[in-house]
Amino acid sequence: MLRRSTTQSLVRLLGHWQETPSSTPLWRQLTDALRLLILDGRLPLGTRLPGEREFASALGVSRTTIASALAQLRDEGYVQSRQGSGSTVTLAGESAQRSSRLPTSPTLDLSTAALAAGAEIHQAYSHALGALPGYLSHTGYDQQGLPELREAIARRYCARGLPTTADEIMLVNGALSGLALILRYLTGPGDRVVVETPTYPLAIAAIEGASCRPVALPLPHNGWDTDGLAAIIAQTAPRLAYLMPDFQNPTGQCMDAATRQIVADLSARTCTALVVDETMVDLWYNAPPPPPLAAFNTDAPIITVGSTGKSFWGGLRLGWLRASSQTIAALIQTRDTLDLGSPLLEQLATCWLLDNEKKLLPERRRLLTARRDMCAELMREYFPQWKFVLPEGGLSFWVELPEMMATRFAARAESSGIHLGVGTRFGLAGGGERNLRIPFTLDDETLKRAFTTLQPIWAMLAGQHGANRIRKII
């Protein structure tokens, strides 16, 4: 079944796409902005676009501009159109007829905040293969997960100040899969779910995919708005709240102990479930974060989500949930509707990684600290107008631009082979046009090459914007 994008929703997603004046034709600017939405996943495959007349009226442009933009996207394979059925988003490359005027294929991804695998991943899998024969006499189906791995994860929580047993741990196929399972268990269509804004884009997608309604909790420049969270809970009675207290993605902020106490007490007092995403918790650079949020009030209904994806390697696709044994039992029953457990080989590899984490993680943190500092130095050199705070953990900078230019800049960068993480991806409709998420996971030479390509694009757009502002003043 096709999804239909409402005109109002699409206009919000497009944001500030138009450059005026500009030597680039308006239809080409719209093409670039729509292509960016498709590549980002904000216009999913199969989405039906509004009709040309309706779309033109909403954007305040001519119908010819809309038709030309859609024709170019058809040539590139991003849109398919049928007489009487309108246009739908498709996958570039599926179209039978390709144009020789295609934009440069992105050669460098500056939108993904993750590291490639290190040599330790091969070691972990080698060890796992050696241990595998001892498990082949079993069926391999285990919806809670390997006992020895659950015990290792429980010991980690105990060491961080949250007493935990293996019965309070459940292995899942990554943090996002864990969130989907929690949503399946706790929510129904129409339920409200509080999310920080900005936040992890795929978490928003999972919440909306569960037919829930995300409710925004705006993040201040520093800390969390606990009064705002209390007001939202009182006014909207959300089914749960999704929070990232440890080096929040994308801002990099870390919730202090006093705030964790307030949030945990609020959860306990209002019986509002909290889903606490700890995927970045191991990636601290100055000092480790406070104890897990669930440690601050044991009566609070908190489910903690962990993962190997950022700490070790995304290709492991292994995560875990930490909750009361009763909640874990209920989640196991709910899991029947999704899958029958996590792959054994990945669990055995993770056992080895956790056994050796005291040697592996400090080296990873040293590497990322050096790359963070180099990225900051390069941004100050190439983009002195950008504002950012040096993150104390995580994998990226949350950059504030001087004006609402993120979409236009990213669209131009895409044509030059660089994919950027636009701020609008990380919030609910209407925000983030002044922000970019810039990861520092690439090596110094690759990052410098990317910034060398981006700098003249930025200078041109910033110059145009400054000239426009002067004209308005005059």
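## Basis and confidence

Residues are numbered from 1 along each chain as its sequence is written. In this predicted model, local features need pLDDT of at least 70 and side-chain atom pairs count only at pLDDT 80 or more, while totals for chains, interfaces and linings use all residues; side-chain values use heavy atoms, with hydrogens and water left out.

The pLDDT, which is the predictor's confidence in each residue on a scale from 0 to 100, averages 90 over the chain, and 92% of the residues score at least 70. Residues 94-105 have a pLDDT below 50, yet beyond near neighbours in sequence this stretch has 19 contacts in the model, a contact being heavy atoms within 4.5 Å. The pLDDT is also below 50 over residues 470-474, a stretch with one contact beyond near neighbours in sequence.

Helices (H or I, at least four residues) and strands (E, at least two) are DSSP runs numbered from the N terminus. Strand β14 spans residues 418-422, and five of its five residues are buried. Here, buried means under 20% relative accessible area, exposed means over 50%, and partly exposed lies in between (1.4 Å probe, protein chains only).

Two strands pair if DSSP finds at least two bridges between them. β14 pairs with strand β5 (residues 108-110) in the parallel sense over three bridges, and leucine 108 stands opposite isoleucine 418. With strand β15 (residues 435-439), β14 pairs in the antiparallel sense over two bridges; in this pairing valine 422 stands opposite leucine 436.

Rolling a probe the size of a water molecule over the atoms shows where empty space is left. A cavity is a set of points, on a 1 Å grid over the protein atoms alone, where a 1.4 Å probe fits but cannot get out; its lining residues have an atom within 4 Å of a point. Grid points are joined across faces, edges and corners, and a volume is the space filled by probe spheres set on the points. The model holds three cavities of 30 Å³ or more.

The largest cavity has a volume of about 60 Å³. Its lining consists of Trp17, Glu19, Gln29, Asp32, Ala33, Thr407, Arg408, Ala411 and Arg412. Helices α2 (26-40) and α14 (406-415) are the elements that give two or more residues to this lining, and α14 provides the largest share, four residues. The lining divides into three nonpolar, two polar and four charged residues, where Ala, Val, Leu, Ile, Met, Phe, Trp, Tyr, Cys and Pro count as nonpolar, Asp, Glu, Lys and Arg as charged, and the others, Gly among them, as polar. Nine of the 10 residues of α14 are buried, so this helix is largely enclosed by the rest of the structure. Among the buried residues of α14 are Arg408, Arg412 and Glu414. Glycine 417, which follows α14, has a positive phi near 90°.

Most residues other than glycine have a negative phi, and most peptide bonds are trans. Phenylalanine 247 has a positive phi of about 55° although it is not a glycine; this residue lies in the loop between β9 and α10 and, at 2% relative accessibility, counts as buried. Proline 250 is placed in the loop between β9 (240-243) and α10 (257-270), and a cis peptide bond with omega about 20° joins asparagine 249 to proline 250.

## Other local features

A further cis peptide bond, with omega about 5°, joins threonine 197 and proline 198. Proline 198 is found in the loop between β7 (192-197) and α8 (201-209). Arginine 317 has a positive phi near 50° and is found in the loop between β11 (302-307) and β12 (319-322); at 45% relative accessibility, arginine 317 counts as partly exposed.

Leucine 176 lies in helix α7 (residues 175-186) and, at 29% relative accessibility, counts as partly exposed. Not counting residues up to four places away in sequence, leucine 176 touches Tyr200, Leu202, Ala203 and Ala206. The C-alpha atoms of leucine 176 and aspartate 277 are separated by 9.6 Å, although these residues are 101 residues apart along the chain.

Terms used:
1 Å grid on protein atoms, 1.4 Å probe; cavity = no way out; pocket = protein on both sides within 12 Å on 5 of 7 lines; lining within 4 Å.
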